[in-house]
Amino acid sequence: MNVSLTKDLSVYQLVMGVQTPPKPLSLSPATLLSLVRAQIDLLIEQQIAATLWVKLPPDKIWQSELARYQSSVGASSLIYTCQIEESRKGEAGEAGEDKGEERLNISSSPSSSSSAHIPVYLPPDSQMRRENFLMVLSPQFCSLILAHRPLKKRKNQTSGKINTNKNQPLLIITTVEGRVIQQVLNGIQQAITPESSSIPASFICPTVPEAALMNQLLAKQLLRQDEINRQIITVRTNKLEQQNQELHNKELLKDEYLKNVCQELRIPLTHMKTALSLLNSPNLKPPQRQRYLQMLNTQCDQQNSLITGFLELVQLEQNLEGTTLELVRLSEIVPGVVSTYQPLAQEKGIMLAYTVPTELPSVWCVTGKLRQIVINLLHNSLKFTPNGGQVWVRARTQGDYVQLEFRDTGIGIAENEIPKIFDRFYRVRTAATEDYGGAGLGLTIVQQLLLRCGGSISVKSKLSEGSSFTVHLASVGNIPRALATENEL
């Protein structure tokens, strides 16, 4: 037997409509859970075969309480389970199950039962969408636990739409007053649609519950609340311990990072000091002097590159939340960068070419940083490609992304080194005596910029054959997650 209720029904309004209604308390979903559990404990201990009207969140932690009662009392119980019509399709929108609420890791293993379990369907726009309740009807004992999440409207300044605040606490009412429960029951009976079968028989709630039952219920509520509180404390303590460990790990990483920065800055200084001491030699010949001056110039450039890269990384990390994205066309950036590096390529006898179709869609990138990404990757390809080699830059669409590839016939990268090349200050080790220089920060910066805009970078390489760096950037129709989150806020 299926039952349907009209959309105008609200249990909260029924309760508040009685003369001198019970006062709602602003409480957490955890408190609601403790009240429900205490109620089920009492019904099981006293073996009370009751008719239950329930509307609880679909999570297993709540449904296991009904299963626990069913398995204990058996077929003598009757349960009407209210659910939004759309929930048949697996959707949810119940009070107490919003995202961001603290969830307790409490497991249960409900058993199957043969007790009557009757679904009661509510229209999608029912006022009961924001309500959860457990109503117990029996000759010995009647009770109602009701949770209501009020609509607190606030206007979105950008879209003008009215949003509801899902982070406010629940208004919870718990009562054993017969007049209040009877009002709810009568309202439900009147709201049942004509085509549905009604409740088997009318029921009159006892006015005053037995004192012994009330004492037992109070004791069980205290025990269950204490249990929930202890579990909340455990969850929060574990979370704090995890956060402390993460902070400690960050401090260790920061110390290691600063240590690496100091070591990297010391290397060019050592070379410069050596060159200066050699320049003071009285027997220094002109060719030697020129070589030492060149060493000074190279090491100054090296240190400047280190400081510049280090400051860029610091700026990226400090402005993580303030990162803005823009739409830009590769055909407006890549040709200009390639033409800038053509003289260097010609000097080394490197064939440098690019293919970037003008019809490619615009891509999302950190504002003003696409040019830097192209420069860093093209500079690397030219630096590690020997005289007479080749470097290509190619772009094409790939699904919702635009792929930008930098391929060269350079020295290549050993397979065991590929996972390390994006680490800060890491420089590819080669058997050759040539010092390729560099701060070891260019690829790190590229990777960080791509992460900020929902892009990615991958590498394929073989020693003595060359390398291929492939960048994927989200195209205009594919909004990056970072931008989507920003718009939601």
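How are H7 and H8 oriented to each other? With their axes packed at an angle of about 30°, and angles under 35 degrees counting as roughly parallel, H7 and H8 are therefore roughly parallel to each other. The model discussed here is predicted.

## Overall content

The protein's secondary structure consists of ten helices and 17 strands. Of its 489 residues, 44% are buried. Taking contacts between residues at least 6 apart in sequence, 78% join residues at least 24 apart.

## The helix pair H7 and H8

Helix H7 covers residues 334-347, and helix H8 covers residues 370-383. Their axes are 10 Å apart, and the crossing is right-handed. On the H7 side the contact is made by Val334, Val337, Val338, Thr340, Tyr341, Leu344 and Ala345. H8 contributes Arg371, Val374, Ile375, Leu378, His379 and Leu382. By class, the residues of this contact comprise ten nonpolar, two polar and one charged.

## The five-stranded sheet

An open sheet is built from five strands in the order S12-S14-S15-S17-S16, with mixed pairing. S12 and S16 (456-462) are the edge strands, and each pairs on one side only. From one strand to the next, the twist averages 15°. Helix H7 packs on this sheet, where it touches S12, S14 and S15. The direction of H7 makes about 170° with that of S12.

Strands S12 (residues 351-355) and S14 (residues 390-398) run parallel and are joined by five bridges. In this pairing, threonine 355 stands opposite arginine 394 of S14. S14 pairs with S15 (residues 401-408) in the antiparallel sense, over eight bridges. Here valine 393 is opposite phenylalanine 406 of S15, and alanine 395 is opposite leucine 404 of S15. The two strands S14 and S15 form a hairpin that leaves two residues between them. Glycine 399, in the turn, has a positive phi of about 65°.

Helix H9 (residues 442-452) is mostly covered, with eight of its eleven residues buried. These buried residues are Leu443, Thr444, Ile445, Val446, Gln448, Leu449, Leu450 and Arg452. H9 lies across S16 and S17 (466-474) and runs at about 140° to S16. Just after the helix comes glycine 454, whose phi is positive at about 80°.

## The eight-stranded sheet

Another open sheet has eight strands in the order S1-S5-S4-S3-S6-S7-S10-S2, and its pairing is mixed. Its edge strands are S1 (3-4) and S2 (25-27), each of which pairs on one side only. The pairing of S2 with S10 (residues 170-175) is antiparallel and has three bridges. Serine 26 faces leucine 171 of S10 across this pairing.

Helix H3 (residues 60-73) lies across S3 (51-55), S4 (78-84) and S5 (116-122), and runs at about 165° to S3. Helix H4 (residues 178-191) also packs on the sheet, touching S1, S3, S6 (131-137), S7 (143-148) and S10. The direction of H4 makes about 105° with that of S6.

Which residue has a positive phi of about 50° although it is not a glycine? This residue is glutamine 47, located in the loop between helix H2 (29-45) and S3. Is glutamine 47 buried, partly exposed or exposed? Its relative accessible area is 44%, which lies between the 20% and 50% limits, so glutamine 47 is partly exposed.

Serine 464 is another residue other than glycine with a positive phi, near 70°. It sits in the loop between S16 and S17.

Note on methods: Residues numbered from 1 in each chain as written. Predicted model: local features only at pLDDT ≥ 70, side-chain atom pairs only at ≥ 80, totals over all residues. Heavy atoms only, no water. Pairing = 2+ DSSP bridges. Helix = DSSP H or I, 4+ residues; strand = E, 2+ residues; numbered from the N terminus. Buried < 20%, exposed > 50% of the residue type's maximum accessible area, 1.4 Å probe, protein only. Axes fitted to C-alpha atoms, helices over the stretch in contact; angles between N-to-C directions. Contact = heavy atoms within 4.5 Å. Parallel < 35°, antiparallel > 145°, perpendicular 65-115°, else oblique. Left-handed = near helix turned anticlockwise from the far one by under 90°. Nonpolar A, V, L, I, M, F, W, Y, C, P; charged D, E, K, R; others polar.
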